[in-house]
Amino acid sequence: MSESQGTETGTQPLPVVEKPAGPALEQSASAADYDPPPAAQGPGGRGGRFWSVRRVPAGIVALLLLLGAGVFLYDVAAVRAHRPALRLRRALAHQLALRPLDDTWVLAGAAVATVLGLWLIALAVTPGLRDLLTMRRTHADVRAALQRAAAAQVLRDRAMEVSGVRSVRVRMRRRRADVRAVSHFRELDEVRADLDLTLAEAVRGLGLVRPPALSVHVARPGRKG
């Protein structure tokens, strides 16, 4: 069994030599807009998504806050001890007193601070780890997840078991699984119907909290010569 790369997998059981500039693939009549409903969720508890720890952004923010607080604390202590304030703070205060609010550098600094703030807020309110698909919880103290690449590999292997399928490419997203198969014999509608049943069963077998919707496309291989 070949290992999949990323969230999109594709393979062929036997090597096939085809010219790259062949005509377009012949598709079944309803392959372009075919989208059966997602498989129903089986029994079992529901679990939320896994949240990323995000140690690097948290460490950077903590380090910057620590350095800034230390510098300002030293400056306040120096002023209280009747010593001159830091040259950096005096220069910053002087620039802020002279420059108007519509100055280019003031607007640029405000834009950078706004972007950084929005980025930190997005990191705080979003779970991340989009490559993990949450599985149903059958035990209260156990949480499990499935990588999208592994889910795509399972669907590809099950699709290759259907008679008439020569090659399959699966692109697994969080809410949708795009399956593109090439059939070298049998009617395309029959192959697509068998793929619907097989892949719907495979999706149910994944045990996901939110089973992805299936989008199945079946086509003929390009002609040679």
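**Exercise 1. Work out which residue lies over the face of F50, and at what distance from the ring centre.**

Step 1: A charge counts as over a ring if NZ of Lys or CZ of Arg is within 6 Å of the ring centre and within 35 degrees of the ring normal.

Step 2: Apply it. R143 sits over the face of F50, 4.2 Å from the ring centre.

Step 3: Know what you're looking at. This is a predicted model, where local features need pLDDT of at least 70 and side-chain atom pairs count only at pLDDT 80 or more, while totals for chains, interfaces and linings use all residues. Residues are numbered from 1 along each chain as its sequence is written, and side-chain values use heavy atoms, with hydrogens and water left out.

**Exercise 2. Find how many aromatic pairs the whole structure holds.**

Step 1: Rings of Phe, Tyr and Trp (its six-membered ring) pair if their centres lie within 6.5 Å; planes under 30 degrees apart are stacked, over 60 edge-to-face, and the rest tilted.

Step 2: Run that over the whole structure and you get 0 aromatic pairs.

**Exercise 3. Trace the salt bridges of R158 and say which residues are linked in the network.**

Step 1: Start with the cut-off: a salt bridge is a side-chain nitrogen of Lys or Arg within 4 Å of a carboxyl oxygen of Asp or Glu. The whole structure has 11 salt bridges.

Step 2: Pair R158 with E161; their side chains meet at 3.6 Å, N to O.

Step 3: Now pair R158 with E201, where the closest N and O atoms are 3.7 Å apart. R158 is in helix α4 (residues 148–160) and E201 in helix α5 (residues 188–206), so this pair ties together parts 43 residues apart in sequence. Helices (H or I, at least four residues) and strands (E, at least two) are DSSP runs, numbered from the N terminus.

Step 4: Check the cover. Buried means under 20% relative accessible area, exposed over 50%, and partly exposed in between (1.4 Å probe, protein chains only). E161 is exposed at 59%, while R158 is partly exposed at 23% and E201 is partly exposed at 44%.

**Exercise 4. Decide whether D178 is buried or exposed, and name its salt-bridge partner.**

Step 1: The side chain of D178 meets that of R173 in a salt bridge (3.6 Å, N to O).

Step 2: With a relative accessible area of 15%, D178 is buried; R173, at 37%, is partly exposed.
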